[in-house]
Amino acid sequence: ARKIIIDTDPGQDDAVAILLALSSPELEVLGLTVVAGNVPLALTERNARKILELAGRPDIPVFAGCDQPLARRLVTAENVHGQTGLDGIELPDPAIALQPRHAVDFIIDTLRREPAGTVTLVPVGPLTNIAQAFRQAPDIVTRVQQIVLMGGAYFEVGNVTPAAEFNIYVDPEAAAAVFAAGAPLVVMPLDATHEALTSRDWIEGMRALPGRCGPAVASWTDFFERFDKEKYGSQGAPLHDPCTIAWLLRPDLFRGREINVEIETEGRFTTGMTVADWWRVTGRPANALFIRHVDRDGFFALLTERLARLP
Ligand code: BDR
Ligand code: CA
């Protein structure tokens, strides 16, 4: 199985991404590294433990990471995810303990321990932990198999400012460092994730699954959906973060281009923008596979098939 570390700030869509990974034998989740993002770190690390407990996977270690962006004050998104970050269903206090090691140290130690080119990083929150690991241990960058991240937007522009997507906006300095690091990068921006919209039928299918995970996913999605429906008049909830895991499982469901992507850190109106050279006009070398489209039906069929395997 392909070894992955999920770096996350759960988040209802983060939760679905984690569940999708756990239900997929092609992937071995070495650990969850948690970052501040949707809500502060004390809540995101707790949410990560709750999700693992729900899935019956206390064997997966959870590491708390950075509680602030590299150079800015944390911006959170309770308006989208609720006060807990994981509103929609009440889950019990997790019995799973937090690991004593810092998430950044776990990332560094794991990349040094495992054979080079065998560990993939899947960041689905602000890129603070990853950038901090690269800064502290530059030797690990060439050992990364791939970074498959959710973040950014180009044709779909922003969801937190007119120019920026949330994960990149929260820590643009970290994003700039990760995009410049030279590790093979797959970027799942809003362009793709805004096509991964839940439907009523799919949510009801989740609710009807026999285990406890399906109904939890339905409740989370119900909560998450109201924001996009009210704010953007969209058809359903965009399942941003699960697109990264789906790409690892079924890259054939996605279409994109190898292009140059730069992160704006100083813009007057555009800080956190992913400046994507879609038409290759700059001559700058490609540093990312930038995804633009997802096969929505294929994506939701995959999710249903996999999530049905969970308790
Ligand atoms: C991203 O921001 C968070 O709110 C979601 O979990 C996702 O990772 C979408 O912009
Ligand atoms: Ca997220």
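Mentor: Helices (H or I, at least four residues) and strands (E, at least two) are DSSP runs, numbered from the N terminus. This is a predicted model, where local features need pLDDT of at least 70 and side-chain atom pairs count only at pLDDT 80 or more, while totals for chains, interfaces and linings use all residues. Residues are numbered from 1 along each chain as its sequence is written, and chains are lettered from A and ligands numbered from 1 in the order in which they are written.

Let's take helix H4, residues 103–113. Its buried residues are Ala103, Val104, Phe106, Ile107, Ile108 and Leu111. Now recall that an α-helix has 3.6 residues a turn, so residues three or four places apart point the same way.

Zoom in on E3, which runs over residues 62–64 and holds phenylalanine 63. Phenylalanine 63 counts as buried because it has 23 C-beta neighbours inside 10 Å. Two residues are in contact if their C-beta atoms, placed from the backbone, lie within 7 Å. Setting aside neighbours within four places in sequence, phenylalanine 63 is in contact with Ala103 and Phe106, and also with Gly31, Thr33, Val34, Gln99, Arg101 and His102. Ala103 and Phe106 are both on that buried list for H4.

Next, H5, residues 128–136, where you'll find threonine 128. Threonine 128 counts as buried too, because it has 33 C-beta neighbours inside 10 Å. Among the residues threonine 128 touches, leaving out those up to four places away in sequence, are Val35, Cys66, Pro69 and Leu70. Leucine 70 is 58 residues from threonine 128 in sequence, yet their C-alpha atoms are 6.3 Å apart in space.

A nonpolar core is a set of buried Ala, Val, Leu, Ile, Met, Phe, Trp, Tyr and Cys residues joined through C-beta atoms within 7 Å. The largest one here has 101 residues, and Ile6, Leu19, Ala21, Val178 and Val187 have the most contacts inside it. Helix H1 gives the most to this core, with eight residues. Beyond four places in sequence, isoleucine 6 touches Ala17, Ile18, Ala21, Val29, Leu32, Val122 and Val124.

Now zoom back out. The protein chain has twelve helices and ten strands. Of its 311 residues, 52% are buried. Among contacts with a separation of 6 or more, 82% join residues 24 or more positions apart. Along its principal axes, the C-alpha trace spans about 50 × 45 × 35 Å. Last of all, the radius of gyration is taken over C-alpha atoms, and the globule rule is 2.2 Å times the number of residues to the power 0.38. With 311 residues, a compact globule would come out near 19 Å, and the chain has 18 Å, which agrees.

How values were computed. A residue is buried if 20 or more other C-beta atoms lie within 10 Å of its own, exposed if 12 or fewer, and partly exposed in between; C-beta atoms are placed from the backbone.
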